[in-house]
Amino acid sequence: MDEVRSRSEGAIVSVLPERAHDLARLRVLAGQGDWPVVTVVGKYNHGKSRLLNELIGANAFAVADRRETVALSAHVHEQVRWLDAPGLDADVASGDDEHAHRAVWLESDIRLFVHAAKEGELDARERALLQALRDDGERTRRQTLFVLSQVDQLADEAAQRKVEAAIEAQAPGLAWLAVSSTRHRQGVDGAKKLLLEKSGIPALKAALVQALARVPAARAHEAALLLGEMRGQLQRLCAERQDALAGLRRQQAQQRTRFDQDLAAVLGQVGGDIQTVLDVPGPDHSLTPDSFADQFKMTPGKLERNRLQVAYSKACIKIGAILTKHGAMDLPPAQQTQVKSLDSVMVAVLGVSVKYRKDLQRLFCEAAGRAALAQDFTRYFELSADRQALAARIGQARSDAQAAERAMAAMAVLEAGA
């Protein structure tokens, strides 16, 4: 099943690369089982690890004055998976930031956003993350609890209220839970109930119990949301790509129709013009060779050949104008020669020799000749650079449309396994 899912995800991400994270999140949701995941997030030295230890009642996470959490640390306690990630000021170069991102955005069901009261206001990075978490909560229903830690390090309650007011101005409408891990530990060790309550940890635990109860519904909502968004996006993409492919095919067909019509018209016109030239009574003097003595004389043979050449040249000019109009004048690269003057479709189809009456009759005035010309000119039209470029675009559009269709089929596989 993992292999099938991986192929399905690959098909989707190939057309929706921006959804790679959502696909990874869906994989997590599908494989998490019954254990909800709680992640603590915040800056280094804001008491995150100590807070987790107090919440689970064990020294499961390393606590030190120096940077200690440099990777993703996990502990399972009472059917909850707790994650301690590197701080917001993690070392990006060493990969700490990647661990933090995975913990907060990929693994977690509930985030504990921790800010040390002694630091006063939130800094720019905290504010940015805070807003991102709020936006994500509205969209996915993943929950974030906002924790003001280390309140015991403030001078008094007035100082605490001042910090809370400053943060409220920065992030209006948030309910902050003020806690002190130190007071809680002292309350536990000394069995001092009042100190335990004053630590704020019991209130945080109660809030966590309520949040944990909402996790199954939140997961179901998030999975349905992500699948629905991607399905809708893929449906639109499939329609757009099919429309694009159909549009290119229409363009291709319209180009061919216009070329066929223009070519047929010019060949018909040229055939009529040539027939008029040929319908001259009397012998065909063009077949009479000139003698050496006639080389400087204007003979009936020369006059006839000139007349035929002029008619032929006019026909070539008219046909050439149609070929130029439709971008089919030059030979394909594979047929080009070192003599550039010969690298034209006109030369390739009609040659370079002078045409006599029978040649002009056969080429332009007989149905079979015009059909052969149409076939040859059409073949070069299809080989023209513009036509080949359009064919390549159609091929790519067809491939893109097929990829979108495969992604839709893969979407059905993910939805079936959700």
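This is a predicted model: local features need pLDDT of at least 70, side-chain atom pairs count only at pLDDT 80 or more; totals for chains, interfaces and linings use all residues.
Residues are numbered from 1 along each chain as its sequence is written. Local features need pLDDT of at least 70 and side-chain atom pairs count only at pLDDT 80 or more, while totals for chains, interfaces and linings use all residues; side-chain values use heavy atoms, leaving out hydrogens and water.

**View 1. The buried residues of helix 7 and what covers them.** Helix 7 spans residues 181-190, and its buried residues are Ser 181, Arg 183, His 184 and Gly 187 (buried: under 20% relative accessible area, 1.4 Å probe, protein chains only). These residues sit on the same side of helix 7 because they cover an arc of only 160° around the axis, taken from the directions from the helix axis to the C-beta atoms. Their cover includes helix 3 (48-56), helix 8 (193-198) and helix 9 (201-213).

**View 2. Helix 3 meets helix 9.** The two helices pack at about 75°, with axes 10 Å apart, so helix 3 is roughly perpendicular to helix 9 (65 to 115 degrees). Leu 51, Glu 54 and Leu 55 of helix 3 are in contact with Ile 201, Leu 204, Lys 205 and Leu 208 of helix 9 (contact: heavy atoms within 4.5 Å).

**View 3. Helix 11 packs with helix 13.** Here residues 300-325 and 357-365 pack at about 25°, with axes 11 Å apart, which means that helix 11 is roughly parallel to helix 13 (under 35 degrees). On the helix 11 side, look for Glu 304, Arg 307, Leu 308, Tyr 312, Ala 315 and Ile 319; helix 13 brings Arg 357, Leu 360 and Phe 364.

How values were computed. Buried means under 20% relative accessible area, exposed over 50%, partly exposed in between (1.4 Å probe, protein chains only). Helices (H or I, at least four residues) and strands (E, at least two) are DSSP runs, numbered from the N terminus. Axes are lines fitted to C-alpha atoms, for helices over the stretch in contact, and angles run from 0 to 180 degrees between N-to-C directions. Angles under 35 degrees count as roughly parallel, over 145 as roughly antiparallel, 65 to 115 as roughly perpendicular and the rest as oblique.
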